[in-house]
Amino acid sequence: MTFQQPLVLAVAVLVTAAATAGYVALQRRRGAALAAAGLGVPAGRGARWAALRRHLPYALLLAALPILLVGLARPQAEMVVPRAAGTVVLAFDVSNSMSAEDVAPNRLAAAQSAAIGFVEEQPDSVDVAVLAFGEQALLTQEPTADHTAAVAAIRRLAASGGTALGQAILVALGTITGRPVSLPADGAAVTTEQLGYWPSATIVVFSDGQQTGGPDAVAAAELAAAAGVRIQTVGVGTVRGATVEVDGYQLGTALDETLLTAVAQTTGGAHHPAGDEATLADTTRSLDLRLTTRTEPVELTAPFAGAALLLLTVGGLLGIRWHGRIV
C-alpha cells in the first residue's frame, strides 16, 4: 500500500497519541475524584460491565480518528482489474449474396449497422480492425484504438464478387500475428512457436455462410485455434433466403449456418444466428470478447472513510444510549 500524502500519516500518529493520552489522563482524574469522594466502583462482574459501558463509546470514537486520518493520506493499493482489451478483427462478407434483402435493408447494410454499434460500445483498450472479403480478403483498416476510423472503414464497404471465408480468416490471423499466414502443406503441423499465442485477440465474422472458393475455412480456423485466437461468427440472413441479381441472372441465396458453426466451434467461439435486423443488433451486443487483467492503483480513501464513519456512528449511538451524550 502506498500513500499520496504520506505526511498526513505523521499527523495521524501525533493526533491519535495526543487524543488517547488525553482520554487516559481524563479517566484517571475522574477515578481519583470518585475515590476521594468515596464513590469507587466495586469489584466483580458489575464493575467489568460498568467499565465497558464507560469506555467503549469513547474507544470507538478514538479508533475512528486514526482511520479517518489515514484515509486523508489517500492510500492506494495495486489491484488486478479485469477489462476488455486486445484486438478485434471485424471480417465482413461483401460477396454478391450479401446484397439480398431478406434482412432489411439488405444483409450487408444490416451487418454494417450492427457492427458500428458494436464498435462504438468498445472501450479504448480494444483495438479494432476491419477486413472485407469476397473472392479475396482485404484489410481496409489496421487495428486501431481510433474507433471513429474503424466506423468509417465499415461504412465504405460494398457488395461484389464471391466468398472466400478461409482466406478471410488467414488474412485476419496475419493481421493479429503481424506475419503472413497460409495453410501448411499436407500433413504439416503448425506450432505455437510459428504463430505466437494471442489469447486476447478475437475475429468476428459477419457472413451468410455461403463459401464459393478459397482455402478451407475449417482448416484456417484450426490455425487460429493453434494461435489462441477465438472466432465468433454472426450469421447474416434467413434460412428461407432471397434472390439477388448478378450479371442479369437471378440467383437464390439463403443463410447456411453449418460452416459458420464449424468455424466458430473449432476455435472455442460460438455462432450467433441473426435472422433479422433487430436480432443482429442484439447479437453484436452479446459477443463474448476476451477479458484481460491489468494491475492498476486503486485509491482506498472511500473504504477508510466508510469504516471511520461506521465507528463514529456506533460510538455516538452507544454514548447517547448509555450516558445521554456523545462526549
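This is a predicted model: local features need pLDDT of at least 70, side-chain atom pairs count only at pLDDT 80 or more; totals for chains, interfaces and linings use all residues.
**Two helix pairs**

Let's start with helix H3 (residues 107-120) and helix H4 (residues 147-155), whose axes cross at roughly 175°. H3 and H4 are therefore roughly antiparallel to each other. On the H3 side, the contact is made by Gln112, Ala115, Ile116, Val119 and Glu120, and they meet His147, Ala150, Val151, Ile154 and Arg155 of H4. Sorted by type, the residues of this contact are 6 nonpolar, 2 polar and 2 charged.

Now turn to helix H5 (residues 165-177) and helix H7 (residues 217-226), which pack at an angle of about 20°. H5 and H7 are therefore roughly parallel, and their crossing is left-handed. Here Leu165, Gly166, Ile169, Leu170 and Leu173 of H5 touch Ala217, Ala220, Ala221, Leu223 and Ala224 of H7. This contact has 9 nonpolar residues, 1 polar residue and no charged ones.

| Helix pair | Angle | Axis distance |
|---|---|---|
| H3 and H4 | roughly 175° | within 10 Å |
| H5 and H7 | about 20° | 7 Å |

**An aromatic pair**

How many aromatic pairs does the structure hold? There is 1. The ring centres of phenylalanine 92 and phenylalanine 206 are 5.0 Å apart and the ring planes lie at 5°, so the pair is stacked. Because phenylalanine 92 belongs to strand S3 (residues 86-93) and phenylalanine 206 to strand S6 (residues 201-207), the pair ties together parts that are 114 residues apart in sequence.

Definitions and conventions:
Residues are numbered from 1 along each chain as its sequence is written. Side-chain values use heavy atoms; hydrogens and water are left out. Axes are lines fitted to C-alpha atoms, for helices over the stretch in contact, and angles run from 0 to 180 degrees between N-to-C directions. Helices (H or I, at least four residues) and strands (E, at least two) are DSSP runs, numbered from the N terminus. Angles under 35 degrees count as roughly parallel, over 145 as roughly antiparallel, 65 to 115 as roughly perpendicular and the rest as oblique. A crossing is left-handed if the near helix is turned anticlockwise from the far one by less than a right angle, and right-handed if clockwise. Contact means heavy atoms within 4.5 Å. Ala, Val, Leu, Ile, Met, Phe, Trp, Tyr, Cys and Pro count as nonpolar, Asp, Glu, Lys and Arg as charged, and the others, Gly among them, as polar. Rings of Phe, Tyr and Trp (its six-membered ring) pair if their centres lie within 6.5 Å; planes under 30 degrees apart count as stacked, over 60 as edge-to-face and the rest as tilted.
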